Amino acid sequence: MKVIEKYNDSLHNPYWKYQLGPEAYEVKDTPKRVECIKNALRSDEAFEFLTSKRFPERLISRIHPYYDYIRLTAGSLGDQEEFYPDLFPGEGANRKKKVDEPLWGGIWCTDAVTPIKKKTFEVARASAETALTGAELIREGREKAVYALCRPSGHHAGPRVFGGYCYFNNAATAAEYLLSKGKVAIVDIDYHHGNGTQEFFEEKKSVFTASVHCDPGGEYPYFWGYAEEKGKGQAVGTNHNEPLPKGSDAAQYVKALGRIIRNIRDFNPAYLVISAGFDTHKDDPIGGFRLETEDYGEIGAQFASLGVPVLVCQEGGYNLDVLGQCVKNFLGGLTGST
Ligand SMILES: [Zn+2]
């Protein structure tokens, strides 16, 4: 299996500690996360590493209206500076869509906890290109399953606003690229609902979006991810949310995922994109499920049963002691090598 690694991963090392909604968070999105995963995969020669390619900017900017805002704001900052928006104009955002001043950050972002730093644009673009590199291999029929080691994550970044430590939506960028060759299903298995991904495609019937995650009634992203969100307009029926209670275990998780898999089989996609977060593990510092390291093999195998070419995009997962093995077990199950 091909593993796509970023060409500039070490430039991104944010740390957040804050109160958001009812929860206190402490998140370290460190390059060590990627090192743990690579170390685990390197121990198995089934995994072959490739460095991500550059792609035309347009493939990313065309679906992210805040692309230039992030680029220009990052470009205006010094080495140690970071910018957080503090003005959120609500409906006023529709009157003035400026991209060239940090003051207008609240137009483009859902929260005041996702900073822009000097290298943010560069690393976020590279993360999307990591997904595109994998998508290209799948679209050309050269590979049946590819793992894109994206960082930062992308699934909270939407078609109007970014946030939740996500800047550009890697899975959505890849899905848009794959769509020219056939229908796409995206399944988000991160602990947090993939609100950005859902919003990207909720009116598009050629993309089936699904997410199994913690009930947003008490967990980020709070305002999206409920079971009644089933798509809009002509695309009603092409979004499937499976919110689970905090404390859920593998049995509950596998059952919920099984319901999603059945719907995807009916949808009959040409390609599958998985937003793979591992903050569902019982020892994850910000997650609240009870999945064990061994459970991820079975979860991967559930997707394998679809028999569809698949791109896996890395999302969350913050316990450095288990993250690598969780990814390895998942990919093993997905490719039938364990
Ligand atoms: Zn997450």
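Reader: Which protein donors hold the zinc ion, and at what distance?

Author: This is a predicted model, in which local features need pLDDT of at least 70, side-chain atom pairs count only at pLDDT 80 or more, and totals for chains, interfaces and linings use all residues. Residues are numbered from 1 along each chain as its sequence is written, and side-chain values use heavy atoms, with hydrogens and water left out. Donors are N, O and S atoms within 2.8 Å of the metal (3.2 Å for Na, K and Ca), and sites may look incomplete since water is not among the atoms. The protein donors of the zinc ion are Asp190 (OD), His192 (ND1) and Asp279 (OD), at 2.0 to 2.2 Å.

Reader: How many residues apart in sequence are the parts that Asp190 and Asp279 tie together?

Author: Along the chain, the zinc donors follow the spacing D-x1-H-x86-D. Asp190 is in the loop between strand S8 (184-188) and helix H7 (195-201), while Asp279 is in the loop between strand S11 (271-276) and helix H9 (295-304), so the pair ties together parts separated in sequence by 89 residues. Helices (H or I, at least four residues) and strands (E, at least two) are DSSP runs, numbered from the N terminus.

Reader: Is Asp190 buried or exposed?

Author: Buried means under 20% relative accessible area, exposed over 50%, and partly exposed in between (1.4 Å probe, protein chains only). Asp190 has a relative accessibility of 1%, so it counts as buried.

Reader: Which residue meets Arg151 in a salt bridge?

Author: A salt bridge is a side-chain nitrogen of Lys or Arg within 4 Å of a carboxyl oxygen of Asp or Glu, and the structure holds 23 of them. Arg151 lies in the loop between strand S7 (145-149) and helix H6 (170-178), and its partner in the loop between strand S1 (2-5) and strand S2 (15-20), so the pair ties together parts 142 residues apart in sequence. Both side chains belong to buried residues. At 3.2 Å, N to O, the partner of Arg151 is Asp9.

Reader: Lys53 forms a salt bridge with Glu136; which relative accessible area makes Glu136 buried?

Author: The closest N and O atoms of Lys53 and Glu136 are 2.7 Å apart. Lys53 is partly exposed, with a relative accessible area of 37%. Glu136 is buried, its relative accessible area being 13%.

Reader: Which residues of helix H3 are buried?

Author: Helix H3 spans residues 67-75. Its buried residues are covered by elements including helix H2 (58-61) and helix H5 (120-139), where contact means heavy atoms within 4.5 Å. The buried residues of H3 are Tyr67, Tyr69, Ile70, Thr73 and Ala74.
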